[in-house]
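Me: I would like to learn how to read a model of this kind, feature by feature, with the general idea set out before the particular case.

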There are 2 protein chains.
Amino acid sequence: MASTMELLALAKNSRQSISLATTEKKNEALCLMADYLIENTDAILQANELDMSASKGILSEVMMDRLALSVQRIEDMAKGIREVALLPDPVGAVMRTVSRPNGLVIEKTSVAMGVIAIIYESRPNVTSDAASLALKAGSACVLRSGKEAHKSSEAIVCALRKGLKAAGLDENCIVLIEDTTRQSANEIMAAAGIVDLLIPRGGAGLIRSCVDNSAVPVLETGTGICHIYVDKDADFDMALDIIENAKASRPSVCNSAEVCLVNKEIANDFLPLLHERLVTKRENPIELRLCEASQKIIEGTAAGEKDFDTEFLDYILAVKVVSDVRDAVAHIALHSTGHSDVIVTANGETAQIFLSRVDSAAVYHNASSRFTDGGQFGLGCEMGISTQKLHARGPLGLEELCTYKYIIRGNGQIR
Amino acid sequence: MASTMELLALAKNSRQSISLATTEKKNEALCLMADYLIENTDAILQANELDMSASKGILSEVMMDRLALSVQRIEDMAKGIREVALLPDPVGAVMRTVSRPNGLVIEKTSVAMGVIAIIYESRPNVTSDAASLALKAGSACVLRSGKEAHKSSEAIVCALRKGLKAAGLDENCIVLIEDTTRQSANEIMAAAGIVDLLIPRGGAGLIRSCVDNSAVPVLETGTGICHIYVDKDADFDMALDIIENAKASRPSVCNSAEVCLVNKEIANDFLPLLHERLVTKRENPIELRLCEASQKIIEGTAAGEKDFDTEFLDYILAVKVVSDVRDAVAHIALHSTGHSDVIVTANGETAQIFLSRVDSAAVYHNASSRFTDGGQFGLGCEMGISTQKLHARGPLGLEELCTYKYIIRGNGQIR
């Protein structure tokens, strides 16, 4: 077994070959990676079968579903890689040129990050997603998969590396850490100077642990306690459509809504409609967790202390009556994870108060929070949704996986 | 004495008033801050006198000079604040607008960071520099000064807060932490969710400690082991001018050069000229620390193991003979701090190899590393030079002290 430090060193040594590779060469490699993924479908499914049987009875059904691969899922992974090949190359773009009075020409230029590490959990498709995005962004990629998905990840990485080799690129641009104990995660977090960026993809515990312990810079992704505030000047039908969509179209993702805040002036009229839409009329009704004021108006569970600070990722919605937009903003400031928050109102001034004061990656006026997504934002892809303020906020596209440097050309200037 | 946590909470509560303040209001406050600084010159000098006498015999002469204030230095600080008032306001700039086929309009908008903390050492002028830049960038500012400069910083902050108050802004946009023990630095580093960004300004030890221990995102600034590579195709006079300027014009700053790499094909001709320029002809000669090969050509100290990994910040230059540009790049990859590195050559192809392969914040062709500076880059100011890759690289201007958010306007879109 290769040690984690050995694998990190291999990735670091490969980074110059990938950071200087032409767009054509990177795209050729991506297409070959997709081909080899399909070609190795049997081996990948066999490996996945081993992971699945080892986890039977240990993982929940939801987790088992995340872990499971199929011919279709592998085809989707290959399709995802080919889509990355079609995206514009972020490396080398000149972001700004400044010509100084002394004749210096300063170009702020997008360059590759170097080595990007991803620590993830049970979804094997993250392997090909992350590797293809890092590659297109000119960086070597260190993958540290969860133990339960490790055999699947190994088979996928083996196929991807065949693609790199066939394209004539250094295979070590993509390495999978072999040790799946806590030790290897700690070694990656300590590898400042070798790893340039760490992206944890998984549950809140994993992310917290990386943010708290990593000496390598971290991009925090994914936790979304998203709010929909229904203002007194809201169009009720629009509000109901947005809330149902934001809550129920895909509750397991981070851009789904967890909390609905309702202006007290409309609570008596609006809440019964909300109950009808989300409970009575639905085949799989949403469980409403109600604040004291809303309990007086509609039926539902009494909200507990933690219900306004929980990412349910389920058919559950916390509901609270607030006095006005400022009260909504104050509630969000205390409880939001800074992901995506929405106001529904026909009043432009009220909307402006909300949009300027809510300090989240995405703030919406009259639209569903579900749009916070690289594809929906027109970035073509994403490595996750950043909920931090440094470096990148919201969807992490290829540009956000790069850094920049200043290239200065002179003819002997001194200061 | 107010506790550190109390002061952090005050800063956090003030942040909305400053993030939403108009450009005019912020500029008014800055001008008043400059006025009050001048008006309180006597009080500031008295406080500084107390700091100075407490440090006598303890701090080195260089450190005592950094600590010392004078009427002139206070005037310079006020001038610095007025210059910040003249800079464009970075907050609210729309960086990109995307109109999606479904009618959503997505604006990527520059917004204030929130609360910026600066941990610094003995230079009291950092107090007004940092506070004025944070204020213009729309953020509240938490200052944690070194113990030896604390009384001076206290008097300066007192004057600055009078300016804030006179402009009708919340005084707590600028707070000085009262506790100067290690404890307060630890509390700031642990204050994720309250402090949005931590910038350490000082020696390598302070910076390392913040990077290793902070749960709050850190911008790493300042350590510069900068290289000048003299290629075989270099114009010797240009190379000598650049080296002397980069080394000797101000050795104490981070963009000064510490290492000169010389191509072996020209070493016999160039090194004697270098020795003449930096040693024989200078009133205060530079100490050369020579690799084995260069010792055979010129006089100087034999370089020890650490001389190629030391930020001398002094009239000392390490000299090494390398075989070619790739060897120079390889040496820099191992020893550079990623600040500023220079190639001197008349050969465009060789320059391109260097510029694309050296992974530093600033890479120069035929110019002195001393230009890595916010003012010289046309940013008007700086909060330091970032040597990390995340968020910002090179000079930290006002834009780099901001974050962004996506503002999305719709008319009922759901996904």
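Predicted model: local features only at pLDDT ≥ 70, side-chain atom pairs only at ≥ 80, totals over all residues.

Me: Which residues of helix 2 of chain A are buried?

Reply: An α-helix has 3.6 residues a turn, so residues three or four places apart point the same way. Helix 2 of chain A, residues 23–39, has 17 residues and reaches 24 Å from its first C-alpha to its last, close to the 24 Å expected at 1.5 Å a residue (the expected span being 1.5 Å times one less than the number of residues). Helices (H or I, at least four residues) and strands (E, at least two) are DSSP runs, numbered from the N terminus. The buried residues of helix 2 of chain A are Lys26(A), Asn27(A), Ala29(A), Leu30(A), Leu32(A), Met33(A), Ala34(A), Tyr36(A) and Leu37(A), where buried means that 20 or more other C-beta atoms lie within 10 Å of the residue's own, exposed means 12 or fewer, and partly exposed lies in between, with C-beta atoms placed from the backbone. Their cover includes helix 5 (71–86), helix 6 (125–136) and helix 7 (150–166) of chain A.

Me: Why is strand 3 of chain B described as largely enclosed?

Reply: Strands of a sheet pair through backbone hydrogen bonds, either parallel or antiparallel. Strand 3 of chain B, residues 115–120, has six of its six residues buried, so it is largely enclosed by the rest of the structure. On one side Val115(B), Ala117(B) and Ile119(B) are buried, and on the other Ile116(B), Ile118(B) and Tyr120(B). Strand 3 of chain B pairs in the parallel sense with strand 4 (residues 140–144) of chain B over five bridges (pairing requires that DSSP finds at least two bridges), with Val115(B) opposite Ala140(B). Five bridges also join strand 3 of chain B to strand 6 (residues 197–201) of chain B, again running parallel, and there Ile119(B) has Pro200(B) as its bridge partner.

Me: Is Ile286(B), in its loop, buried or exposed?

Reply: Ile286(B) lies in the loop between helix 11 (264–280) and strand 9 (287–290) of chain B, and counts as buried because it has 23 C-beta neighbours inside 10 Å.

Me: How many residues of chain A are in contact with chain B?

Reply: Contact means that the C-beta atoms of two residues, placed from the backbone, lie within 7 Å. By that rule 56 residues of chain A are in contact with 56 residues of chain B. Strand 16 (402–413) of chain A gives the most to the side of chain A that touches chain B, with eleven residues.

Methods:
Residues numbered from 1 in each chain as written. Chains lettered and ligands numbered in written order.
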